Amino acid sequence: MSTGNRVGARGVNAGGAEITATRAGTGNLPEPTIGEAETSRPRVDTCGPAATNRPRVNTCGPAEVTRPHVAARSLPADPELPRESSALEAAVARESAAVQELPEVSVDGTEISPGVWVASATRADLGDPPVHAGDLAEAGTRPRWRRAEFLAGRHLLRHLLRRIRPDLAALPLCADPAGKPRLDAGGEDLALPGITISHDEDRIAAAVCAHGDVGVDVQLPPERLTDSAVRRCLGSHAPAVTALPRRRRAKEFAWVWTVQEACVKAAGTGMAGRPWSIDVPPGAVSGHWGGFAWLSLRTRSPVPLSCAFQPAP
């Protein structure tokens, strides 16, 4: 994930100013109260060995968010249970079958919709990145422990730009008044694409939209997830998700949250956009919200990864 605020998951990222947020649904972190002026949303972190209570940064969406995170990488196996035959499982199977033949999102990027590219990788996939002078200078303004992941996100974005818009790959990045990351043409009259970055522990994602704003979010399933966080983000769908086995429930929650966060990142609203209020049916792979289209890349990514973008004109 990247920058922005989050509820019950991780924060919205942007790439400009920073918003500090806490995370919800983790049992030992406070959960936000719906209706309060949410300038910082609780987030569920989904990666990492046990207990990392340091803030995490998402780098896509409105202003870059610093969020405390909860580890969630090695989940013990669920006990053997009869195979779920619920309507939710059937819906997931139908949606997955519809997109089974699409290529997996890779470090080199995949066009998920006309004019919209998403790249996803681990830091190991990137190797030692060439460092852009502007990115290095900005990294120096961040806490030492955040610098490597910040630079990895910028590297993945520039790697993607070199493939699809090599003429823009070396431009500096800045934040617009809402805190969203933007390419900076230095006053030149250029038609610039929308950009976004997200990371969760060693997972990174970046997206570019040739014709408008875009938001991306990547998140590993949370190790600790409360029923209240599920109810908050899933609304009327919560009972079906809560009834799932623990590992399946955590993964479904993460998929839904990546859509919700990608949407508010694309809109540039952060927590003020109340991402948890966006209706995302469990198992869905596509939808619309607030003038944006969204895709949940369920069969194209090994970890929950979603992207929201302005449709092509």
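Where is Glu-201 found? In this predicted model, Glu-201 is found in the loop between E8 and E9, where the names refer to strands (E, at least two residues) and helices (H or I, at least four residues) that are DSSP runs, numbered from the N terminus. Residues are numbered from 1 along each chain as its sequence is written, and side-chain values use heavy atoms, with hydrogens and water left out. Because the model is predicted, local features need pLDDT of at least 70 and side-chain atom pairs count only at pLDDT 80 or more, whereas totals for chains, interfaces and linings use all residues.

The chain as a whole comes to seven helices and 13 strands. Of its 313 residues, 58% are buried, a term that means under 20% relative accessible area, with exposed meaning over 50% and partly exposed the range in between (1.4 Å probe, protein chains only). The chain exposes about 12100 Å², of which carbon and sulfur atoms supply 55%; such areas come from the Shrake-Rupley method with a 1.4 Å probe, and for residues only the protein chains shown count as cover. Among contacts (heavy atoms within 4.5 Å) between residues at least 6 apart in sequence, 67% join residues at least 24 apart.

Strand E8 (residues 194-200) and strand E9 (residues 203-209) pair in the antiparallel sense over seven bridges, pairing being assigned if DSSP finds at least two bridges between two strands.

Strand E4 (residues 110-113) is joined by three bridges to strand E5 (residues 116-122), and the two run antiparallel, with Glu-111 standing opposite Trp-117 in E5. This hairpin has two residues between the strands, and Gly-115 takes a positive phi near 80° in it. Together the four strands form an open sheet in the order E4-E5-E9-E8, with antiparallel pairing. E4 and E8 stand at the edges, each with a single partner strand, so one side of each is left without a neighbour in the sheet. Neighbouring strands of this sheet are turned by 25° against each other on average, direction ignored. Helix H4 (residues 144-164) lies across E5, E8 and E9, running at about 40° to E9.

Ser-113 counts as buried at 19% relative accessibility, and, not counting residues up to four places away in sequence, Ser-113 touches Leu-295 and Phe-309. Although Ser-113 and Leu-295 are 182 residues apart along the chain, their C-alpha atoms are separated by 8.9 Å.

Turning to the helices, H5 (residues 227-234) has the buried residues Ala-229, Val-230, Arg-232, Cys-233 and Leu-234, and what covers these residues includes helix H6 (238-242) and helix H7 (246-267). H5 and H7 pack at an angle of about 40°, with their axes 10 Å apart; axes are lines fitted to C-alpha atoms, for helices over the stretch in contact, and angles run from 0 to 180 degrees between N-to-C directions. The two helices are therefore oblique to each other, because angles under 35 degrees count as roughly parallel, over 145 as roughly antiparallel, 65 to 115 as roughly perpendicular and the rest as oblique. H5 passes H7 in a left-handed crossing, meaning that the near helix is turned anticlockwise from the far one by less than a right angle, whereas clockwise would be right-handed. In this packing Asp-227, Ala-229, Val-230, Cys-233 and Leu-234 of H5 meet Arg-249, Phe-253, Val-256, Trp-257 and Gln-260 of H7. Just after H5, Gly-235 takes a positive phi of about 55°.

Beyond H7, Arg-274 is found in the loop between H7 and strand E11 (286-289). Arg-274 has a positive phi of about 45° although it is not a glycine, and at 26% relative accessibility Arg-274 counts as partly exposed.
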